[in-house]
Amino acid sequence: MRHEFHVRVYYEDTDLAGIVYYANYLKFIERARSTMVREAGIDQNSMKEGDGLVFAVRHVDATYLKPAKMDDELRIATKLQQLSGAQLLFEQDVFRGDEMLFSSKITVICMNGAGRVIRLPAEIRAQLAL
């Protein structure tokens, strides 16, 4: 499964040097993943309210290659690399045009209301496997 998401850099996204503050890349890729999941037909609010299930980030491997600056239009390319019993592995890259600025691998788990890792329900696995 692949997805693209676009975001523009605003003044509030930058630091004193005028470049995107490093933690904001994590916000950008979170928005991209959330949009991808929503467009796959998964309502995370219903998932939480109905079944008490939530997605949580377990691990982030991030590489900052080049800085983005105010008013840049960024493209976040998201690919679901692996879908296993209780976790999803995403590869997410941030581009300005064709130039890669940021690269990451994100491990997301499914948890119940008690905070325990559980297997992804079959219907969610099917929706993400498209």
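Entry 1: I count a salt bridge when a side-chain nitrogen of Lys or Arg is within 4 Å of a carboxyl oxygen of Asp or Glu. The model is predicted, so local features need pLDDT of at least 70 and side-chain atom pairs pLDDT 80 or more, while totals for chains, interfaces and linings use all residues. Residues are numbered from 1 along each chain as its sequence is written, and side-chain values use heavy atoms, with hydrogens and water left out.

Arg33 and Glu30 are three residues apart in helix H1, which means about one helical turn separates them. Helices (H or I, at least four residues) and strands (E, at least two) are DSSP runs, numbered from the N terminus. Arg33 is buried at 6% relative accessibility, and Glu30 is partly exposed at 36%. Buried is under 20% relative accessible area, exposed is over 50%, and partly exposed is in between (1.4 Å probe, protein chains only).

**Entry 2: other salt bridges.** I searched the whole structure and noted eight salt bridges. One of them joins the side chains of Arg96 and Asp72, at 2.7 Å from N to O. Arg96 is in strand E4 and Asp72 in the loop between E2 and E3, so the pair ties together parts 24 residues apart in sequence. Arg96 is partly exposed at 24%, whereas Asp72 is buried at 15%.

I also looked up Lys105, which forms a salt bridge with Glu91, the closest N and O atoms being 3.1 Å apart. Lys105 belongs to strand E5 (residues 99-111) and Glu91 to strand E4, 14 residues apart.

**Entry 3: the largest pocket.** I noted about 150 Å³ of space in the largest pocket. A pocket is an open set of points on a 1 Å grid over the protein atoms alone, where a 1.4 Å probe fits, with protein on both sides within 12 Å along at least five of seven lines; lining residues have an atom within 4 Å of a point. Glu30 and Arg33 are among the lining residues, as are Phe55, Leu88 and Val108. Which element gives the largest share of the lining? I found that H1 does, with four residues.

**Entry 4: strand E1.** E1 pairs with strand E3 (residues 73-83) in the antiparallel sense over seven bridges; two strands pair if DSSP finds at least two bridges between them. Arg2 is opposite Lys79 in E3.

Definitions and conventions
Points joined across faces, edges and corners; volume = space filled by probe spheres on them.
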